[in-house]
Amino acid sequence: MPTQAQAEAAVRTLIRWAGDDPDREGLNDTPKRVAKSYREFYRGYAEDPVLLLERTFEEVEGYDEIVLLRDIRVESHCEHHMLPIIGRAHVAYLPRHRVVGISKLARVVDAYASRLQIQEKLTAQIANTLNEVLQPRGVAVIIEATHQCMTTRGVHKPGVGMITSRMLGAFRTNPTTRRELMALIGNPNRLTSE
């Protein structure tokens with residue numbers, strides 16, 4: 001793995017390549033700041049999403065209906081241009097016998113989002129991991145996001161969003177269960193923070 005100094009040198013090279021002077025006052029500390037921000041942006045490489053789901057709870061009084069955490073903020077970076085992907089994820093599962101703390105669902109989203117990504121792969125990774133570890137009756141992951149690699153460069157199409165989904169188990173095979181999920185996600189009477 002490259003050192004901090006090597007990462008900063010790479011940023012200095014990119015500043016020079018863009019046509020500016022990395023030693024001028026406004027850019028003098030930029031290489032250090034960029035390296036620090038990259039460590040934060042890509043912290044997911046140091047996290048194991050499977051371990052995040054390790055602790056589950058079985059005292060659920062037989063609860064076996066949809067567990068849905070919606071509107072989880074997604075901040076990622078596309079692997080093609082290293083530009084932001086910003087959106088929200090909806091993560092649902094149908095427990096078999098055990099449930100997981102809801103913050104763990106958000107942490108799994110963050111662990112995978114904090115890597116270089118494409119939205120399709122991100123959606124599949126989250127769903128597949130939940131399915132593998134929790135072994136529920138079904139898993140659904142839907143991500144809605146905008147991609148700055150499309151809105152600020154290339155075709156320059158601001159306001160365009162992308163939606164991806166991965167449905168496993170009952171969410172894939174049972175149309176009634178899928179409709180119930182979609183109604184819960186689209187419910188106009190959303191909870192608001194106070």
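**Figure 1. Overview of the protein chain.** The protein chain has eight helices and seven strands, where helices (H or I, at least four residues) and strands (E, at least two) are DSSP runs numbered from the N terminus. This is a predicted model, in which local features need pLDDT of at least 70 and side-chain atom pairs count only at pLDDT 80 or more, while totals for chains, interfaces and linings use all residues. Residues are numbered from 1 along each chain as its sequence is written, and side-chain values use heavy atoms, with hydrogens and water left out. Taken along the principal axes, the C-alpha atoms of the protein chain fill a box of roughly 65 × 35 × 35 Å. Of its 194 residues, 37% count as buried; buried means under 20% relative accessible area, exposed means over 50%, and partly exposed lies in between (1.4 Å probe, protein chains only). Among contacts (heavy atoms within 4.5 Å) between residues at least 6 apart in sequence, 67% join residues at least 24 apart.

**Figure 2. Crossing of helices α1 and α2.** Helix α1 covers residues 4-18 and helix α2 residues 30-41; their axes come within 8 Å and cross at roughly 115°. Axes are lines fitted to C-alpha atoms, for helices over the stretch in contact, and angles run from 0 to 180 degrees between N-to-C directions. The crossing of α1 past α2 is right-handed; a crossing is right-handed if the near helix is turned clockwise from the far one by less than a right angle, and left-handed if anticlockwise. On the α1 side the residues are Q4, A7, E8, V11, R12 and I15, and these meet T30, P31, K32, V34, A35 and R39 of α2. The residues of this contact divide into six nonpolar, two polar and four charged. In this scheme Ala, Val, Leu, Ile, Met, Phe, Trp, Tyr, Cys and Pro count as nonpolar, Asp, Glu, Lys and Arg as charged, and the others, Gly among them, as polar.

Figure 3. A search of the whole structure finds three aromatic pairs. Rings of Phe, Tyr and Trp (its six-membered ring) pair if their centres lie within 6.5 Å; planes under 30 degrees apart count as stacked, over 60 as edge-to-face and the rest as tilted. Y38 and F41 form a tilted pair, with 6.2 Å centre to centre and 45° between the planes. These two residues are three apart in helix α2, and so are separated by about one helical turn. Y38 is partly exposed at 35% relative accessible area, and F41 is partly exposed at 33%. Y38 also pairs with Y42, edge-to-face, at 5.4 Å centre to centre and 90° between the planes. Y42 counts as buried, with 12% relative accessibility. Y38, F41 and Y42 form one aromatic cluster.

**Figure 4. Surroundings of S114.** S114 lies in the loop between α4 (102-113) and β5 (116-117). The residue is buried, with a relative accessible area of 2%. Its side chain reaches the backbone oxygen of D110 at 2.8 Å, a polar contact being a pair of N or O atoms within 3.5 Å; within protein, one must be able to donate a hydrogen and the other to accept it, and residues adjacent in sequence count only if both atoms are side-chain atoms. Not counting residues up to four places away in sequence, S114 touches F41, Y42, R43, G44 and Y45.

Figure 5. H90 has its place in strand β3 and counts as buried at 1% relative accessibility. A polar atom of the H90 side chain lies 3.1 Å from the backbone nitrogen of D71. Leaving aside neighbours within four places in sequence, H90 is in contact with L68, L69, R70, D71, A140, V141, I142, E144 and I185. D71 lies in strand β2 (residues 67-78) and is partly exposed, with a relative accessible area of 32%. Phi of D71 is near 60°, a positive value in a residue other than glycine.

**Figure 6. I85 in strand β3.** I85 lies in strand β3 (residues 84-94) and is buried, with a relative accessible area of 3%. I85 and A113 are 28 residues apart in sequence and 9.0 Å apart in space, C-alpha to C-alpha. Among the residues that I85 contacts beyond four places in sequence are V74, C78, Q117 and A145.
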